[in-house]
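This report describes selected contacts, strand pairings and nonpolar cores. Please consult the sequence and the structure shown below while reading.

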Amino acid sequence: MMNGDVDVDVRPRFLSRLALPGRSLTVPTPWQTRTTSYSQPGALTTSADRLVRLRQLRKAWKTLSWTQCVTVPTPGPCCAYELVGGVFCKTQPTIRRGGRGGGFGSELGGWPGLAAMVMNGFAGNGNGEEEAQEEPTHGLGSRTTMSATWLPGMHGRRGRTVVRDDLGIPTRDFAVDPSQDLMVLFKGGEEAGLPMAMVAYPGVLELHIRTMSTNQTHPETRVPVLCTPVLYPITSVFVQIVDDIVGIMYCVDPARPRITIWNWKTGHLVVDRASGNLPPCTWDFSFIHSRALFVTASDGSGSLELFTFSCDRAEGNTDSDSSPPSHPQPEPTSLTHVATLHLPPVHPSVRVLSIGTHTAPFLATCPPDTPFVSSNKERIHVLTVHYVHLPMMDRLRTRPKVCVFVHHRTLERYLQMGASQKGVASAGAVMKVPWPEWGPTHTRMLPHVEMFQWLRYVHGQRVVMVLPMSKVGKSTLRVLDFNVRRAFGDDDTNTEDEDVDPAVRKTTVERVNYPTRILMPNIFADAVESKLPYFEVRRDILGDYSGMMIDDERLVGLRVRVYSPLRCRAR
């Protein structure tokens, strides 16, 4: 009875605190049938417990104080990797007698080791448990091995690793969502073993919809293998999952990107856009939510192109007795181009080489044993813009990079504005937004430093960087937190408290709520000012890391031992 009274009294306070740090208690939707996000077996069960945990986590992020550093070995070459929902996955070519397996194995080398720094959690002894799984036979032989490591975490959760020696298909890329027990494997000609420079030839691209727990067909999909015709060879591919949607961007060559999107539950093809139907010089893409996306375009001074799409045709046909779609499928839903957000204008002698974008993975709901997760709507998108200055005379070319941080709510705002304008404008009208009208207020542009050797350095509204110091064996950890709505003071934390670890006392915290300016006279006609506010936390750490990843409760440092050139596919 006492527990019930406390829970009722604390819950409203907990929910109000939850809103400040950009956390969420996701309300289950029709596709979230496996787990709920509020109370998991073995998790923190009362609102009072969750409020205490939330305060601990906020204090830990303020001071960059972790309870322990656990070393997690992940041996073997790396072809592709992911960090989602506290699970680190990577694939590698299966090694057979007589040499490496087919596909891309002969090009890969090196293996990462993870240092999981648990933020005020209770991580156990760090030894973890390794499980070998009996593999089903898929008829294509042993081609790719996958290891999935559930990292040590809060309230006593121990780490464990599951190694699958044979996924059953050769794959160079994949995506996972642990909250849906979902794994999507890409297959696109890897078994052919043909040189990448061959003349294009027809083939079929496949996405295999499986569970992480069994490597079997996911029970919620009506079509186990999603297919579309393509021209081989495919030079690059990127797979993303958002709720009931899976999308890929792939290229036959760098100048010919294509975006294809399915509803992985119904199997219906939702969007299929080739380079001729995408903005000129499309470079990268990211989902905004499960019915909207943006692409980066390097044409002119560069831009973000915002699109929406609908699954009405697929969602309107939910009869379980209807047969799954066969290949080829009817014409998919078209993308609706609603807005263009221009980047800062550049000199005529400047060309935008590339615009990459990176953000945290999407989770449909909270994974098991997790009391709360960062809200999908409270996230930062990091743009890496690479310029080249082409002087008229024989002078040295400059190739600077900048990072542009854009909050998710800005993209949502212009989606809504563009859709409203499109409703009253003529068909095909797209809202054009020059940089001065949106960039200075809603972004933060900073000089780029080479600290992003591995991806997953963004989670929620935080971005982590690790900067080498002049002293050997030391680095500087830098976390940018764009959630300025929360108040640090209400946790009564101070980096100079007497009971704080001496190393933590050296942590510096700064609230950057003033404008900053980028001065690149060879690139921009005028200084580029931006003022999206953020907190910056710095702390010196021991050790040299090739990269740093982040999630809700961990910092994950990576050390790579290389025995041949490392060409790990950045996801």
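A polar contact is a pair of N or O atoms within 3.5 Å; within protein, one atom must be able to donate a hydrogen and the other to accept it, and residues adjacent in sequence count only if both atoms are side-chain atoms. The model is predicted: local features need pLDDT of at least 70, side-chain atom pairs count only at pLDDT 80 or more, and totals for chains, interfaces and linings use all residues. Residues are numbered from 1 along each chain as its sequence is written, and side-chain values use heavy atoms, with hydrogens and water left out.

**A buried serine**

The side chains of Ser374 and Asp552 are joined by a polar contact of 2.5 Å. Ser374 belongs to strand 24 (residues 373–374); strands (E, at least two residues) and helices (H or I, at least four) are DSSP runs numbered from the N terminus. With a relative accessible area of 16%, Ser374 is buried, a term that means under 20% relative accessible area, with exposed over 50% and partly exposed in between (1.4 Å probe, protein chains only).

**Nonpolar cores**

A nonpolar core is a set of buried Ala, Val, Leu, Ile, Met, Phe, Trp, Tyr and Cys residues joined through side-chain atoms within 4.5 Å. The largest such core has 43 residues, and Phe405, Val463 and Leu555 have the most contacts inside it. Strand 30 (residues 462–468) gives the most to this core, namely 5 residues. A second, separate core comprises 32 residues, including Ala292, Leu383, Leu411 and Met445. In soluble globular proteins, nonpolar side chains tend to be buried together.

**Aromatic and charge–ring contacts**

Rings of Phe, Tyr and Trp (its six-membered ring) pair if their centres lie within 6.5 Å; planes under 30 degrees apart count as stacked, over 60 as edge-to-face and the rest as tilted.

| Pair | Centre to centre | Angle between planes | Class |
|---|---|---|---|
| Tyr387 and Phe524 | 5.3 Å | 85 degrees | edge-to-face |
| Phe482 and Tyr534 | 5.2 Å | 40 degrees | tilted |

Tyr387, in strand 25 (residues 380–389), and Phe524, in the loop between strand 33 (516–518) and strand 34 (528–530), are 137 residues apart; both are buried. Phe482 lies in the loop between strand 31 (474–481) and helix 6 (502–505) and Tyr534 in strand 35 (residues 534–542), so this pair ties together parts that are 52 residues apart in sequence. Phe482 is buried at 2% relative accessibility, as is Tyr534 at 4%. Ring pairs also link Phe238, Phe285, Phe287 and Phe309 into a cluster.

A charge sits over a ring if NZ of Lys or CZ of Arg is within 6 Å of the ring centre and within 35 degrees of the ring normal. Arg160 lies over the face of Trp150, 4.1 Å from the ring centre, and the charged end of Arg539 sits over the ring of Trp66, 4.3 Å from its centre.

**Strand pairing**

Two strands pair if DSSP finds at least two bridges between them. Four strands form an open, antiparallel sheet in the order 15-16-17-18. Strand 15 (236–242) and strand 18 (269–273) stand at the edges, each with a single partner strand, so one side of each is left without a neighbour in the sheet. Strand 16 (residues 245–251) and strand 17 (residues 257–263) pair over 7 bridges, with Ile248 opposite Thr260.

Strand 22 (residues 336–342) runs antiparallel to strand 21 (residues 303–308), with 6 bridges, and pairs in the parallel sense with strand 27 (residues 431–433) over 3 bridges.
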